[in-house]
Amino acid sequence: MSREARVWLAICLVSGGFLLYRGAFSDAGLGRIYVKPVAARPTIDSEAPGAAAAADEVPQAAREAAAEGAQGNAPGADAGAAANPGGPAAIPAPLVGEGQAWETARRGESGARVSIPRTVGLWLAAFFTLAIFSFLYRDNPCYRFAEAVMVGVSAGYAMVAGFWDALFPKLIARLAPATSQFLTGQREVAPVEWWALIPLALGVLLLLRLAPRGGWLARWPLAFIVGTYAGIRLISFVEADFVAQVRQSIIPLAVFDRNGQFDIWQSLQAVLMIVGLLSALCYFFYSLPHKGLYGRVARVGVWYLMITFGASFAFTVMGRIALLAARLEFLFDDWLWLIDPLSRRGTGG
Amino acid sequence: MGWLQNLDRRWIYLAMLLAVAIPQLLQVRFPEQPTPLVQAVFDKVEQLPEGSRVLLSLDYGPVSAGELEPMTAALARHCCLKRHKVVFMTLWPDGKPAVESTITKIINVEFLEHQYGRDHVDLGYKAGKEVVIKTIATNLRLEFEQDNRGTPLDELPLTAGINNLEDFELLVSISAGFPGLKEWVQYASSPLGVPLAVGATAVQAPQAYPYIPGQMLGILAAIKGAAEYEVLLGNRYPAYATPTRQDAVRRMAPQFSAHLLIIALIVLGNLSALWQRWKGPNP
Amino acid sequence: MKQTIPWLIAALAGGVVIAAFFIPAAQPWQDRAGQWFEVLAGFAFVLGGANLFVMNLRKIAAQGPGWGYAAVTLVSFVVTLGVGLWKVGVAPRDGRTAWQGGYLDEGSALWWLFEYAYNPLVATMFALLAFYVASAAFRAFRLKNTEASLLLATAFIVLLGRTYAGAALTSFVPPEYSALTIPGMTALIMKVVNTAGQRAIMIGIALGVAATSLKVLLGINRSYLGSGD
């Protein structure tokens with residue numbers, strides 16, 4: 001191990017040890033998740049008669065007062081109800097399925113208890129976060145492991161979503177309505193829709209791509225997908241990104257304000273916009289050689305495009321930093337409890 | 001200056017880590033000045049008559065939640081404060097938890113009088129990307145016969161009278177890419193003329209400007225757009241001017257220091273290159 | 001046959017969609033095509049998952065370098081798929097049985113995997129880009145010519161203008177000259193120059209997409225069908 005690596009290891013061990021000590025042996029605490037039984041909220045099916053009308057009558061001021069009460073250290077639901085005792089929030093909520101479903105609670109909230117599975121999950125999430133960050137130092141087995149898990153879980157999740165949100169309602173529910181009724185709790189069994197056999201057949205053909213023989217048949221569903229996309233996009237791009245953009249660019253270059261006075265600032269902006277658009281379009285038109293006057297106009301277009309890319313670069317930087325800030329906030333707030341910006345643990349911000 | 005030429009990239013990574021972490025640990029906050037494009041979205045939500053129907057499509061997954069979650073929260077709060085009827089949906093398979101958490105962590109906690117089915121409905125996710133938008137533009141029930149909980153839309157008071165996108169007073173897409181704001185412009189706001197407001201990631205935002213104002217009434221661009229919206233909400237409803245309800249304002253502090261770091265790195269990189277050129281090529 | 005039938009399918013599907021734009025009576029046909037498209041989108045998820053399964057199984061069978069990670073991927077995939085399809089851990093609530101609950105209900109096994117594995121992994125993977133952007137800013141951005149200077153100057157203005165730094169640095173500018181402040185300049189760049197540039201790109205792409213779509217529908221471009229047989 002190099003000297004530099006030893007220094008880094010020592011820094012990590014000392015700071016990690018301090019954080020563990022702080023969490024384990026002080027009041028500050030460390031990475032736990034609390035849960036409470038789900039209390040079903042009144043819904044349209046379960047509400048008391050007239051509750052909907054009562055809710056409609058709550059004035060704006062009362063809603064703002066309730067919102068004000070729901071902030072701070074107190075558990076939101078309790079505080080909101082206290083701030084609006086006469087409103088519909090006071091309607092007793094029937095508890096359906098209580099004791100079987102749990103939801104996240106605040107530390108110290110009535111009925112809250114530590115959830116072992118979620119706490120384990122929190123530490124696992126912290127491990128995964130650090131494992132991915134470890135790639136910044138160098139490639140290592142922790143990173144490779146996390147990466148492998150990411151690929152597997154992502155693909156598995158996509159397939160589950162594809163089954164339950166696409167294949168089930170659009171295919172299985174139409175061809176086997178009785179199964180659908182059992183799995184969704186629908187009151188009535190819908191009639192079988194035989195036309196759904198066509199997309200089923202196309203779907204099976206698509207899966208033939210993986211078969212050792214007959215893979216060419218997968219071109220049929222692929223052609224359907226490409227053809228549908230081509231048709232949809234031909235219309236939408238021409239309508240929204242061509243015609244509408246040209247229409248929005250036909251603007252007066254001399255702008256007058258409400259009093260009829262010439263507005264030099266707005267006029268200048270309009271001229272700059274049109275000059276930029278036309279010159280950038282000239283740059284994209286390669287059928288004419290970029291020489292002479294045309295070349296100079298195209299060069300102005302390049303300048304506009306460079307400014308556009310500069311702005312895009314700055315925005316991209318902003319986006320990436322926001323994502324990093326969110327991950328660090330997870331580590332500092334949810335896991336290490338170093339900060340409490342949302343006052344979830346009553347330790348202040 | 002020569003040492004800059006051989007600077008290990010990991011020192012730059014460490015500098016970036018500190019630039020983001022220190023303002024977060026110190027809980028620094030900076031004031032925000034709302035810009036016209038955010039103001040336009042705020043004014044639209046504010047001026048809609050109470051009880052207007054708003055479609056909130058959360059087209060993002062966990063990857064962009066750090067950027068987009070705060071603006072979703074701010075918009076959902078604003079709609080609830082105005083007692084608008086909010087219909088949630090997502091075009092991203094991993095966008096379902098974003099809808100669920102907005103309902104359970106924002107609406108169920110802060111707006112106790114709001115009832116599922118009457119004031120808000122979760123339609124969930126549908127595969128098909130822009131084809132879903134194109135279909136619900138004319139027939140909502142072809143895509144969503146039931147809500148995400150399995151209740152037929154006709155049995156929910158909010159959705160019973162909604163047949164297509166033209167039945168909404170406002171469409172909002174909080175978008176992280178494809179499918180997202182572009183598709184909502186192409187298949188909803190352009191052909192139908194229904195007002196569309198957009199929240200977008202920083203990467204996507206610059207590409208959306210040509211749509212304003214003809215096809216899009218405003219945009220909440222990146223975390224700053226969300227911060228501006230939170231400030232506007234706080235100015236109008238003082239209960240929402242508290243730090244615990246201004247996630248985006250809080251996250252603007254790391255942006256401040258990290259942007260300065262990026263500028264410093266570009267300047268240092270150029271100085272280093274100039275130094276190298278002045279010194280001449282290495283023997 | 002292997003080329004003509006797919007082209008006819010593509011032309012028919014696309015033609016129906018285009019016809020529905022001009023002929024309202026064709027709208028039901030377009031809706032039906034949309035429904036089929038969504039079923040195929042669901043099958044695409046299955047195809048992707050099955051492909052991943054087969055590829056990793058081959059890697060494990062070959063015992064090549066890194067086969068252990070392929071095994072991790074495979075186990076993660078199978079576990080996620082299994083708990084999601086069987087709705088493991090979904091609690092009965094609100095009068096619904098566990099089977100009738102959502103596959104991603106809070107507390108379910110898939111929810112746990114999403115919340116504590118998928119979410120931190122993908123979010124952190126993208127957060128890494130902040131570090132790479134910083135490194136690229138130091139190593140790649142050079143003031144070489146007019147174009148690069150314009151790009152860098154714009155980036156500086158927008159980077160400052162999108163935080164409090166911009167407002168603080170030009171706080172001395174009187175309000176009536178707000179366009180000369182850094183946030184004012186940022187707004188101007190985005191509203192005028194960026195809009196012009198992006199609109200030119202958008203128009204170019206729109207024409208490109210329209211041309212490509214026509215080529216596909218007319219059978220001039222069949223590259224999506226692959227080559228050979």
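## A salt bridge between chains C and A

Glu147(C) and Arg299(A) form a salt bridge, in which the closest N and O atoms are 2.8 Å apart. A salt bridge is here a side-chain nitrogen of Lys or Arg within 4 Å of a carboxyl oxygen of Asp or Glu. Between chain C and chain A the count is three salt bridges.

## Basis of the report

This is a predicted model, in which local features need pLDDT of at least 70 and side-chain atom pairs count only at pLDDT 80 or more, while totals for chains, interfaces and linings use all residues. Residues are numbered from 1 along each chain as its sequence is written, chains are lettered from A and ligands numbered from 1 in the order in which they are written, and side-chain values use heavy atoms, with hydrogens and water left out.

## The interface of chain C and chain A

The contact (heavy atoms within 4.5 Å) takes 114 residues from chain C and 127 residues from chain A. The size of an interface is often given as the accessible area lost when the parts come together. The area buried between chain C and chain A is about 11,200 Å², and carbon and sulfur atoms give 79% of this area. Buried area is the accessible area (1.4 Å probe) that two parts lose on being put together, summed over both.

Across this interface, 16 residue pairs are in polar contact, both residues being at pLDDT 80 or more. A polar contact is a pair of N or O atoms within 3.5 Å; within protein, one must be able to donate a hydrogen and the other to accept it, and residues adjacent in sequence count only if both atoms are side-chain atoms. On the side of chain C that touches chain A, at least two residues each come from helix H1 (4-22), helix H2 (27-62), helix H3 (67-85), helix H4 (109-139), helix H5 (146-161) and helix H7 (182-218) of chain C. Helices (H or I, at least four residues) and strands (E, at least two) are DSSP runs, numbered from the N terminus. H7(C) gives the most to this side, with 25 residues. By residue class, the side of chain C that touches chain A has 78 nonpolar, 24 polar and twelve charged residues. Ala, Val, Leu, Ile, Met, Phe, Trp, Tyr, Cys and Pro count as nonpolar, Asp, Glu, Lys and Arg as charged, and the others, Gly among them, as polar.

## The interface of chain C and chain B

Chain C also meets chain B, with 46 residues of chain C in contact with 52 residues of chain B. The buried area is about 4,500 Å², of which carbon and sulfur atoms give 69%. Phe138(C), Arg162(C) and Tyr164(C) supply 16% of the area that chain C buries against chain B, more than any other three residues.

H2, H4, H5, helix H6 (164-169) and H7 of chain C each supply at least two residues of the side of chain C that touches chain B. The largest share of that side, 15 residues, comes from H4(C). Its residues divide into 28 nonpolar, eleven polar and seven charged.

## Features of chain B

Chain B is divided into domain 1 (2-26 + 256-279) and domain 2 (36-245), with bounds that come from an automatic or database domain assignment. The C-alpha centres of these two domains lie 39 Å apart. Over all chains, the salt bridges number 27. One of them joins Glu32(B) to Lys224(B), with the closest N and O atoms 2.8 Å apart. Glu32(B) lies in the loop between helix H2 (9-26) and helix H3 (36-47) of chain B and Lys224(B) in helix H10 (residues 222-236) of chain B, so the pair ties together parts that are 192 residues apart in sequence.

Most residues other than glycine have a negative phi, and most peptide bonds are trans. The peptide bond from Phe178(B) to Pro179(B) is cis, with omega near -10°; Pro179(B) is in the loop between strand S4 (170-175) and helix H8 (181-192) of chain B. The bond from Ile212(B) to Pro213(B) is also cis, with omega near 0°. Arg83(B), although not a glycine, has a positive phi of about 55°, and its place is in the loop between helix H4 (62-81) and strand S2 (85-90) of chain B.

## Confidence in chain A

Chain A averages a pLDDT of 81, and 81% of the residues score at least 70; pLDDT is the predictor's confidence in each residue, from 0 to 100. Within chain A, the mean is lowest in helix H4 (residues 76-83), at 35, and highest in helix H5 (residues 116-133), at 95. Over residues 46-99 of chain A, pLDDT stays under 50. Where pLDDT is low, the predicted coordinates should not be read in detail.
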